[in-house]
Amino acid sequence: MGSLPLRLDQENAGTYGRYSAARRVARTVFLGSAPLPAAANRGIDDRRILLGSVQPGETPATFGDALRKLAGQATYLYENSGRYWYATQPSVNQLARDRAEQQAIDRVEMEIERRLKSALADRGPFARVHPSPKSGSDVPDEDEVALAALGPEYPHDAKGTTSRALTAAGEILASRGAGARTNQNMLVFLAADHLRLAELTQAVREYLAWSSIVEDGEAGRLDLDAFQRSQAKSQRDGADQSAHARIPEAYQWLLVPQQADPLAKVELRPVRVSGSDPLAVRAGAKLRNEEHLITKFGGVNLRLVLDGALNEKWSAEHAFGLKQLWGWFAQYPYLPRLRDISVLEGAVRDGSSSLLWRSETFAYAAAREAAGEYRGIVAGRIAETPITSTSVIVDGSVLPDIIDGPHPPPPPPPPPPPAGRVRRFHGEVSLGDPRRPIPELTKIVDEVIDRLAQQTDVRLRVTLQIEAEHAASGFTDDTVRTISENAKTLRFRDFGWEKE
């Protein structure tokens, strides 16, 4: 009544237990593996075991699973190269089970941490990866997004109101050693599921047990014959593969810092992650898909943040120092989580080059003088916009029409045009979508035609080609430069300026 096959059927009643699969394969092995004098090999192969066990309408895989379970736990059942037999001498299976149960938890956790570190060798999109931190002092307070993978002593329970993982991650997020952590928006945590961790722990116990049997057999501390030594190595390799496969199965929870608004408490949101990619790679993909990690940011997106979460400061000041702005992105989880400062640099470059910089994005300035004037302004054109200790982004609505550097007083009326002064402009552009020309024509009118028409004594003719001739003193250098840049941006097929 207390046989192993019966116990396995009872413990797995929902799968193979309803077929008495473990008992049926045990009987088949017993009857089919009786030693014969003329037999070249001991035992019966697994195909014949299934043939003797499975009845019509039943699934062979169910009985194959029962056979593997039985072979892994039976004391007197041997297996070699797919052949199974009973013997009167006990196998090393019982010894392995005893040693697995005796493994110290510290040693098991050290082995899991070793495997976790190996699984995180590929950092994916993260600047840094920190496997098994014991406290906040093990995780530097940097302004680049890092992944902290909690050790096996801190699993996450999805059904509980709290978990050891949430507690440990909260402590690391709040402090770095003795001081408070500044860059709380630069950390994301990875934790094991507490149920899958139990399976991983058992697989590691079995690996350590079989490894010790192999070592003791080779050292002569165990009296094992050649077959038993071969069996121990085979079981060790199988347990090693099982433990390796269970690492990504167990580490399936991301704990993401979030904050509803500047006055709300920072909370950790659990996000389940799955996939076949390396741990950090699939974690990064999940975070990007749900916009918890941003690796590319547009100028319009940045302006939405300025008008949203930072609206009070932006509306009052109309300009932000870029170093200060990046510090806010790194510190506060109510702002988007940008991977590093280069993502913000890309957003600034994109926004300041937009032709709609006054209304939809912003301008860039290399510095702001004490008197309030902006120096080195970039707006509506592609140029270098580095983040420095003095650089700022500026609300375009507060800038004057002339934006190239400090604005001198208006010049006196120009003298009569000297020989060689620029007098004519022509340009040609193909509309991207002839069926919907209005949006592109509107941009062309605003950025090119209107600027030409504002000049006095200009004869303007517009067809598919744009031609403009200054009848008096000629176009100013500012006009030539601005129209040329706008024509390039609007993809004019051909344009140029002519002198007399």
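I begin with a definition: a residue is called buried under 20% relative accessible area, exposed over 50%, and partly exposed in between, with a 1.4 Å probe and protein chains only. By that rule glutamate 291, at 64% relative accessibility, counts as exposed. Please note that this is a predicted model, in which local features need pLDDT of at least 70 and side-chain atom pairs count only at pLDDT 80 or more, while totals for chains, interfaces and linings use all residues. Residues are numbered from 1 along each chain as its sequence is written, and side-chain values use heavy atoms, with hydrogens and water left out.

Glutamate 291 sits in the loop between helix H10 (279-289) and helix H11 (299-307). Helices (H or I, at least four residues) and strands (E, at least two) are DSSP runs, numbered from the N terminus. The phi of glutamate 291 is positive, near 60°, and the residue is not a glycine. For background, most residues other than glycine have a negative phi. Another such case is serine 132, also not a glycine, with a positive phi of about 55°. Serine 132 belongs to the loop between strand E4 (128-131) and strand E5 (146-149), and at 12% relative accessibility it counts as buried.

Let me turn to the sheets. Two strands are taken to pair if DSSP finds at least two bridges between them. An open sheet of five strands runs in the order E4-E5-E8-E9-E10, with mixed pairing. Its edges are E4 and strand E10 (267-272); each has a single partner strand, so one side of each has no neighbour in the sheet. On average, neighbouring strands here are turned by 25° against each other, direction ignored. Axes are lines fitted to C-alpha atoms, for helices over the stretch in contact, and angles run from 0 to 180 degrees between N-to-C directions. Within this sheet, strand E8 (residues 187-191) and strand E9 (residues 253-258) run antiparallel and are joined by three bridges. Phenylalanine 189 has leucine 255 in E9 as its bridge partner. Helix H10 lies across E5, E8, E9 and E10, at about 45° to E9; contact here means heavy atoms within 4.5 Å.

The other sheet to show you is open, with four strands in the order E11-E14-E12-E13 and antiparallel pairing. Which strands stand at its edges? They are strand E11 (319-321) and strand E13 (374-378), each with a single partner strand, so one side of each is left without a neighbour in the sheet. The twist from one strand to the next averages 30°. Strand E12 (residues 363-368) pairs with strand E14 (residues 392-394) in the antiparallel sense over three bridges, and alanine 365 stands opposite valine 392 in E14. Across E11, E12 and E14 lies helix H13 (residues 322-331), running at about 80° to E11.

Now to the interior. A nonpolar core is a set of buried Ala, Val, Leu, Ile, Met, Phe, Trp, Tyr and Cys residues joined through side-chain atoms within 4.5 Å. The largest has 67 residues, and those with the most contacts inside it are Leu254, Leu302, Leu325 and Ile393. Helix H8 (residues 194-219) gives the most to this core, with nine residues. Apart from it lies another core of 18 residues, among them Val25, Phe63, Ala66 and Leu67. Leaving out residues up to four places away in sequence, the contacts of isoleucine 393 include Leu302, Trp314, Phe320, Leu325 and Val348.

Threonine 361, in the loop between helix H14 (341-352) and E12, is buried, with a relative accessible area of 1%. A polar atom of its side chain lies 2.7 Å from the backbone oxygen of glycine 351. Glutamine 228 is in helix H9 (residues 226-250) and counts as buried at 11% relative accessibility. The C-alpha atoms of glutamine 228 and valine 92 are separated by 7.0 Å, although these residues are 136 residues apart along the chain.

The buried residues in H16 include Thr479, Val480 and Ile483. Arginine 491 follows H16, with a positive phi near 60°.

Conventions
A polar contact is a pair of N or O atoms within 3.5 Å; within protein, one must be able to donate a hydrogen and the other to accept it, and residues adjacent in sequence count only if both atoms are side-chain atoms.
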